[in-house]
There are 4 protein chains.
Amino acid sequence: MAKNHRFNTDKSIHPENDLGLGNQLTGNYRLLDENGKFKAKRKGKFFWHPYQDLLEMSWFRFHLVIFLFYAVVNALFAFIYYNIGVESLSGEHYNDFFSEYFKCYFFSVQTLTTVGYGAVAPLCFLSNVVAAFEALTGLLIFALITGLYYAKFTRPKAKILYSSMANISPFKDGINGVMFRMVNQRNTDLIDVAIQLTLSWVEDDPHGVKRRHFQPLELERSKIALFPLNWTIVHPITETSPFYRKKLEDFKDINAELMAFVTAYDITFGQMVQSRKSYQYSEMNWAKKFLPMYYADEKYGSIIEYEKINDVQDMDLFDYV
Amino acid sequence: MAKNHRFNTDKSIHPENDLGLGNQLTGNYRLLDENGKFKAKRKGKFFWHPYQDLLEMSWFRFHLVIFLFYAVVNALFAFIYYNIGVESLSGEHYNDFFSEYFKCYFFSVQTLTTVGYGAVAPLCFLSNVVAAFEALTGLLIFALITGLYYAKFTRPKAKILYSSMANISPFKDGINGVMFRMVNQRNTDLIDVAIQLTLSWVEDDPHGVKRRHFQPLELERSKIALFPLNWTIVHPITETSPFYRKKLEDFKDINAELMAFVTAYDITFGQMVQSRKSYQYSEMNWAKKFLPMYYADEKYGSIIEYEKINDVQDMDLFDYV
Amino acid sequence: MAKNHRFNTDKSIHPENDLGLGNQLTGNYRLLDENGKFKAKRKGKFFWHPYQDLLEMSWFRFHLVIFLFYAVVNALFAFIYYNIGVESLSGEHYNDFFSEYFKCYFFSVQTLTTVGYGAVAPLCFLSNVVAAFEALTGLLIFALITGLYYAKFTRPKAKILYSSMANISPFKDGINGVMFRMVNQRNTDLIDVAIQLTLSWVEDDPHGVKRRHFQPLELERSKIALFPLNWTIVHPITETSPFYRKKLEDFKDINAELMAFVTAYDITFGQMVQSRKSYQYSEMNWAKKFLPMYYADEKYGSIIEYEKINDVQDMDLFDYV
Amino acid sequence: MAKNHRFNTDKSIHPENDLGLGNQLTGNYRLLDENGKFKAKRKGKFFWHPYQDLLEMSWFRFHLVIFLFYAVVNALFAFIYYNIGVESLSGEHYNDFFSEYFKCYFFSVQTLTTVGYGAVAPLCFLSNVVAAFEALTGLLIFALITGLYYAKFTRPKAKILYSSMANISPFKDGINGVMFRMVNQRNTDLIDVAIQLTLSWVEDDPHGVKRRHFQPLELERSKIALFPLNWTIVHPITETSPFYRKKLEDFKDINAELMAFVTAYDITFGQMVQSRKSYQYSEMNWAKKFLPMYYADEKYGSIIEYEKINDVQDMDLFDYV
């Protein structure tokens with residue numbers, strides 16, 4: 001980028017806006033991926049967090065894990081019953097391995113789930129002890145699954161839908177703005193919605209070393225008390241803006257990234273929630289403006305049309321003299 | 001409304017009071033319905049949130065859904081057992097479809113609930129496999145219902161009862177006030193109760209386009225540390241008030257709406273709660289004052305009488321010179 | 001109280017200290033009882049909150065309720081099975097009412113708890129339907145109890161132990177102070193502990209009408225980041241204090257009450273907790289000072305001795321000139 | 001320590017930094033142990049908190065407790081069934097005590113877990129009553145365990161890994177700094193991470209009495225909005241620092257302790273979490289600087305290498321003139 005277009009340095013970062021990212025992340029990749037997830041990988045010590053993994057798993061995968069675990073635990077207990085011997089369980093006896101093993105397997109199922117039909121029941125001391133242990137195991141497993149179900153349902157999750165592009169649009173009073181918008185995808189009530197917008201880019205320092213810069217951007221408003229409809233976030237391009245008198249191309253080669261950090265209080269679930277979004281050079285429009293995405297209706301009140309979130313029209317920008 | 005009664009514009013809105021509502025909701029309807037729910041409808045992408053729906057359902061409906069689901073799941077499993085064949089389950093055999101199907105149905109019930117009397121038990125491999133799967137299904141369903149019960153019981157819900165009318169009453173020192181009051185209907189302790197009062201109305205802008213305006217109203221006090229009794233919210237009608245030197249009729253044709261947003265911390269449940277209320281023109285009294293709704297009792301302390309929440313008396317307003 | 005000892009009026013109350021109590025509670029009783037509970041009774045509309053009642057019940061009572069409920073539900077279902085008729089259940093048949101009824105009763109128990117031994121099992125369509133419904137009922141009841149157990153265990157509850165008396169003691173630099181102290185009785189970590197101290201009393205207004213007054217008291221420190229040991233709260237008696245140049249007797253006839261409101265964040269349970277305490281005239285000591293209640297130990301660190309919380313010694317007060 | 005190196009007194013403590021620790025803890029021991037736990041022991045009244053104990057127990061111990069409890073409860077019920085008599089339960093009868101007792105024991109297991117095979121079932125009124133009570137007991141126990149599992153999984157717990165040493169390193173602009181660093185060991189997202197750093201030491205007061213002093217230390221930054229990578233905390237050694245013109249040896253004999261208090265909001269679990277760390281004289285390095293512990297990767301983004309958290313190199317300090 002041309003010397004005379006030099007960006008503001010990040011000396012203006014206020015402590016409360018500090019993102020906790022260093023200035024050495026100068027590689028040619030996004031800091032946040034398209035879903036707002038920070039791109040980082042941990043190496044070294046292995047930390048296994050089964051609870052968290054099960055929590056963040058999709059519902060399909062979660063049920064698959066439960067199903068496989070159920071099948072395997074029963075297989076193990078069946079193996080034990082089989083080895084205790086043919087006389088240890090009541091019911092019919094079979095001469096072939098499979099019939100006998102599956103008798104043990106289904107007895108195990110009936111014990112683990114505490115169904116206990118009783119057609120097959122433990123006869124000897126040892127099979128009774130194993131069955132006692134298995135019934136306890138079963139109850140603990142389902143106690144655990146109960147907790148996991150609840151945790152999966154209630155974990156904080158703001159489903160905020162963002163426009164796929166950010167627009168450079170005319171704002172007002174001769175000032176242009178960087179704009180994108182968002183809607184609350186869930187039917188919950190979000191209150192105290194706060195946003196923090198930061199522009200990050202990579203630039204050579206005086207010694208020729210690449211440094212990543214962060215600059216918080218001023219917003220028309222950075223907090224709203226309610227969030228029932230959509231919210232268009234506006235960064236007015238004033239003299240202090242890094243976008244001031246820039247062209248879109250100026251952002252192309254400096255790995256620029258517009259990062260939004262949204263926090264809100266989800267009053268339906270009683271939890272603080274967070275959402276992130278990032279826009280790269282290729283996700284910014286020059287001289288476009290968002291079209292309205294809601295209208296008033298006598299019967300239902302306001303009608304929000306989700307599919308219009310990306311609807312824009314061409315609109316001349318103000319000329320900065 | 002007469003030009004010379006022109007309301008204050010909403011330039012005085014502080015960011016922290018921004019309700020997140022645009023100025024284009026100019027239709028002839030309430031923004032909040034009588035229960036404080038924001039009137040909006042989502043259109044477009046279909047978002048199904050079974051957990052949230054079950055959570056917000058009434059207890060009666062919730063149990064109806066469980067009951068129907070239970071009936072249907074058993075019917076499906078009964079169908080499977082019936083099709084596996086007559087020899088797959090122990091117990092008596094019937095020649096008519098209904099008797100045989102209901103035998104399967106009740107076997108399914110006994111498996112899904114893990115009752116497992118054993119009078120009927122699976123005999124063949126296939127019926128054992130289905131029963132194993134059904135017992136797991138049953139346990140998962142009840143694990144899920146356990147979580148839902150807990151979530152329904154504990155979800156944040158401030159039951160604040162508001163007076164049905166707002167009064168224009170004499171306040172003090174020659175100043176009138178807009179007043180309404182509220183009580184905590186639940187037996188829980190609410191602390192840090194904060195209220196934000198906004199007047200909204202629709203007015204033509206200089207170009208003759210209808211615009212919705214929002215103006216936060218100053219309050220005698222907007223936060224209390226405890227909320228054990230009732231709280232009368234007072235907006236003193238000073239020079240900066242949009243009610244200043246207005247008559248009630250002035251609010252009739254401008255779709256005026258007095259909106260209260262209350263947040264509090266429910267110390268019994270450890271959750272932040274929220275409540276909203278709106279008053280329209282037809283819900284405002286001119287020159288009425290609330291009567292006390294609690295009295296001191298030597299034995300019980302303060303006695304709050306809920307049924308007096310709407311008790312008012314006529315009271316002359318102060319004349320503004 | 002003598003006219004010339006007139007207390008400061010409560011004009012100095014800052015909004016954030018407003019307790020939400022009116023000035024009309026002038027009866028001759030405490031506002032807070034000895035456990036810090038606000039003395040108020042609701043009258044009028046009946047609001048039944050079974051969940052909250054079960055939550056606030058003692059563990060003993062809670063289990064008694066469960067036990068009685070269990071006995072009654074089984075009695076009802078037994079009554080239904082008995083009326084369906086003697087042929088509806090398998091197992092032995094009895095000629096006397098009691099034996100037959102209790103057979104039904106224990107069958108009900110085995111169904112509700114899903115034990116289902118199978119020695120007794122439903123035979124006819126109707127008994128099968130009722131058993132299917134009862135098994136569902138049982139599972140729902142235990143799902144509910146599971147949620148209640150968890151809620152009872154985890155509900156926010158700061159167990160703060162207060163000294164039974166407040167002392168008027170010498171503080172420092174020639175200034176006396178009103179002092180009381182508290183310890184965290186639970187083994188949890190409380191952080192961000194904040195206290196708000198208010199003196200309340202009843203006094204005649206210029207028209208001879210009794211009015212309750214509230215005055216927040218300045219504290220040496222009103223917030224601590226950690227609360228590992230004990231905390232002595234000190235209100236320094238400076239010129240602005242309502243205790244300034246007062247004798248203890250001055251507080252006797254004005255129904256004075258020293259009210260402490262404590263909030264903290266319980267980091268062990270991840271919840272905000274609250275505690276209250278009030279001291280009346282009869283619970284204040286003149287010219288006493290608390291003795292230390294912890295000492296350093298090379299092995300264990302600090303040793304806190306709970307039983308010393310009320311240990312005081314006589315100590316001359318500073319003379320105010 | 002030399003008189004002319006006298007430390008700043010703690011007059012600069014701001015109320016919000018008050019740690020709630022008195023100045024009398026002058027014993028020769030750490031205030032916080034190596035895991036950040038405050039070293040204190042309660043004496044006197046015995047407070048038993050079974051829920052909290054079970055919650056803070058390791059998973060292994062927790063399961064051991066459940067297992068033993070299960071064994072003991074069954075042994076007690078078996079004892080009751082045995083004493084009701086040989087005719088009270090169906091199934092085979094044995095002549096020796098052990099066989100008969102274990103028959104009762106396994107019947108108890110099948111009742112408590114609600115497996116209820118039915119091979120053994122209660123025959124008389126009394127055994128039916130006990131079995132009814134045991135089935136209820138079993139369901140309550142497993143309801144409770146379900147709650148405990150969930151509570152153990154979700155209790156707030158920030159797993160922050162700290163460097164084992166704090167370094168005195170050159171910082172910038174001719175100023176040295178006290179530095180240590182931390183990483184988030186869990187895969188959760190911590191936001192609003194705040195740190196408070198305090199130096200504590202023991203010194204004689206003018207009367208020759210040992211007093212513990214606390215001084216909050218200024219930090220380069222004390223709050224970050226995100227915590228995706230590692231964070232190096234820096235206390236710049238300026239004129240107001242207690243480290244100013246000190247040598248490491250000066251801290252040796254005064255029982256100095258550098259205490260860090262970290263709070264953060266865990267967005268994955270929706271909870272505020274806390275972590276503490278303390279460094280003593282023996283855990284400080286003179287003239288060492290941390291080496292980077294992450295690098296940029298085109299594919300994965302930033303790679304954090306946990307095992308490098310303690311990697312340092314020698315680095316000359318700036319000379320203070």
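**Exercise 1.** Decide whether B:Glu305 is buried, partly exposed or exposed, and find its salt-bridge partner.

*Solution.* Keep in mind that this is a predicted model.
Step 1: B:Glu305 has a relative accessibility of 8%. Buried means under 20%, so a residue below that cut-off belongs in this class. B:Glu305 therefore counts as buried.
Step 2: The partner is B:Lys308, and the closest N and O atoms of the two are 2.9 Å apart.
Step 3: B:Lys308 has a relative accessible area of 29%, so B:Lys308 is partly exposed.

**Exercise 2.** Describe the surroundings of B:Tyr295.

*Solution.* B:Tyr295 lies in strand E13 (residues 294–297) of chain B and is partly exposed, at 33% relative accessibility.
Step 1: List its contacts. Leaving aside residues up to four places away in sequence, B:Tyr295 touches B:Gly301, B:Ser302, B:Ile303, B:Glu305 and C:Lys43.
Step 2: Go back to the residue from Exercise 1. B:Tyr295 and B:Glu305 are ten residues apart in sequence, and their C-alpha atoms are 8.5 Å apart in space.

**Exercise 3.** Find which parts of chain C are tied together by the salt bridge of C:Asp314 and C:Lys288.

*Solution.* Step 1: The closest N and O atoms of C:Asp314 and C:Lys288 are 2.9 Å apart.
Step 1: C:Asp314 sits in strand E15 (residues 312–314) and C:Lys288 in strand E12 (residues 288–290) of chain C, so the pair links parts that are 26 residues apart in sequence.
Step 2: C:Asp314 is exposed at 60% relative accessibility, whereas C:Lys288 is partly exposed at 25%.

**Exercise 4.** Characterise the interface of chain A and chain D.

*Solution.* Step 1: Start with the area. About 5300 Å² is buried between the two chains, and carbon and sulfur atoms give 65% of it.
Step 1: Count the residues. Chain A brings 62 residues to the contact and chain D brings 56 residues.
Step 2: Look for polar links. Across this interface there are zero salt bridges, but three residue pairs are in polar contact.
Step 3: Find the main contributor. On the side of chain A that touches chain D, H4(A) gives the most, with 17 residues.

Definitions and conventions:
Residues numbered from 1 in each chain as written. Chains lettered and ligands numbered in written order. Predicted model: local features only at pLDDT ≥ 70, side-chain atom pairs only at ≥ 80, totals over all residues. Heavy atoms only, no water. Helix = DSSP H or I, 4+ residues; strand = E, 2+ residues; numbered from the N terminus. Buried < 20%, exposed > 50% of the residue type's maximum accessible area, 1.4 Å probe, protein only. Contact = heavy atoms within 4.5 Å. Buried area = accessible area lost by both parts, 1.4 Å probe. Salt bridge = Lys/Arg side-chain N within 4 Å of Asp/Glu carboxyl O. Polar contact = N/O pair within 3.5 Å; in protein donor to acceptor, adjacent residues only side chain to side chain.
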